[in-house]
Amino acid sequence: MTGTVLTTRRVDAYHALTVVAPGIAEHLRPGHFVAVAVGGPRSSMLTRRSFSVHDVKPDYGGTVELVFAVRGPGTSWLAERRARDTLDVVGPLGRPFPLPRDPVNCVLVGGDYGSATLFGLADALQRRGCRVDFVIGAESAERVFGALRARRMGETTTLTTEDGSLGMRGKVTDVLPGVIADVRADVVYACGPMETLRGVTAVAIEFDIPVQVSVEEAMACGFGVCMTCVLPVIGEDGITRMVRACVDGPVFRGERVRFEDVGTIPFDAAGAPGAPSASTSPASAGGGGGPRNVS
Ligand SMILES: Cc1cc2nc3c(=O)[nH]c(=O)nc-3n(C[C@H](O)[C@H](O)[C@H](O)COP(=O)(O)OP(=O)(O)OC[C@H]3O[C@@H](n4cnc5c(N)ncnc54)[C@H](O)[C@@H]3O)c2cc1C
Ligand code: FES
């Protein structure tokens, strides 16, 4: 849909932009993402840029807020948008975070702007009676997003920075084992850079608790057509398939993602030259039960 930009603001190292998009706001669930056309009608930037959603509000029939870092030409253009500009936004896209049926203890881990998408999730979990604890980290203080809000919403919030400028010096994965043990966590949810998700998954496997990760694989179309976003994920049947992060994810069970092979087609993946024959249906790759660590 074409939405009007309502507000733009700086939040430390990030830009936050709110756009009026009632249809998207109405259907959006925590973990969904949107794809934004950038550069205007005459732009050579043909592919949309994908963004998680930080906040959904009822203002003006429904607004969504994106939080983003400037990385290249698309995000630079977006950072120059002002109130009353229009944006072409597609969404909600992808599969949202699965929510537990019972009120369980959840640790939410965010790296960089990845924490922006965790507050809607925290709200949904708390409405189900779940306990929510946050672990949020980044390289330095100005890149930690949402520390105050996490402190307000979470039972506990642990902050880390690699340079020690806020919270504990180190990475989220350094403090995560202590938090999981202290709060007797039943499940971990994580959003952030791939390396963080890989580390968080390793910790959750150590504690033998499920972990849901939202991966940020580079995307072009955002809705399943171009195959830019494929990554190797182990299905319930133990077979690795190259699945599309945009439609089969971006949320996956962490232990099913072959992080060490992301960016490659593993020789044993279905469809790879010389691989065992198997259905290439990705339906079993997502959030359900099934074997762990099948390689
Ligand atoms: C599901 C999803 C959710 C996302 N949510 C957010 C968000 O909430 N906030 C935010 O700031 N960004 C988010 N991103 C990343 C965002 O899409 C990219 O930063 C953006 O597309 C970069 O566009 P650009 O034209 O500015 O830079 P480009 O010129 O496209 O890229 C600049 C550099 O960044 C690298 N890059 C581009 N996209 C990615 C990516 N997805 N992962 C890793 N490296 C990449 C490129 O390889 C290049 O080196 C998300 C991506 C996905 C797939
Ligand atoms: S981004 Fe095009 S198929 Fe996923």
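Predicted model: local features only at pLDDT ≥ 70, side-chain atom pairs only at ≥ 80, totals over all residues.
Residues are numbered from 1 along each chain as its sequence is written, and chains are lettered from A and ligands numbered from 1 in the order in which they are written.

Ligand 1 takes up the space of the largest pocket. A pocket is, on a 1 Å grid over the protein atoms alone, an open set of points with protein on both sides within 12 Å along at least five of seven lines; a molecule sits in it if more than half of its atoms lie within 2 Å of its grid points. Around ligand 1 there are 18 residues, of which Ser-50, Val-67, Ala-69, Gly-74 and Thr-75 come nearest (a residue is near if one of its heavy atoms lies within 4 Å). By class, this shell has nine nonpolar, five polar and four charged residues (Ala, Val, Leu, Ile, Met, Phe, Trp, Tyr, Cys and Pro count as nonpolar, Asp, Glu, Lys and Arg as charged, and the others, Gly among them, as polar).

A nitrogen atom of ligand 1 lies 2.8 Å from a polar backbone atom of Val-67, while oxygen atoms of ligand 1 lie 2.8 Å from one of Ala-69 and 2.9 Å from one of Gly-72. The protein covers 73% of the 870 Å² of accessible area that ligand 1 has on its own (Shrake-Rupley method, 1.4 Å probe). Two or more shell residues come from each of strand E4 (49-52), strand E6 (63-68) and helix H2 (73-79), with E4 giving the largest share, four residues. Helices (H or I, at least four residues) and strands (E, at least two) are DSSP runs numbered from the N terminus.

An open sheet of mixed pairing contains seven strands in the order E11-E10-E9-E8-E12-E13-E16; strands pair if DSSP finds at least two bridges between them. Strand E11 (168-169) and strand E16 (251-253) each have a single partner strand, so one side of each is left without a neighbour in the sheet. Strands E8 (residues 105-111) and E12 (residues 187-191) pair in the parallel sense over five bridges, and Val-109 stands opposite Ala-190 in E12.

The peptide bond from Gly-91 to Pro-92 is cis, with omega near -5°.

Conventions: Heavy atoms only, no water. Polar contact = N/O pair within 3.5 Å; in protein donor to acceptor, adjacent residues only side chain to side chain. 1 Å grid on protein atoms, 1.4 Å probe; cavity = no way out; pocket = protein on both sides within 12 Å on 5 of 7 lines; lining within 4 Å.
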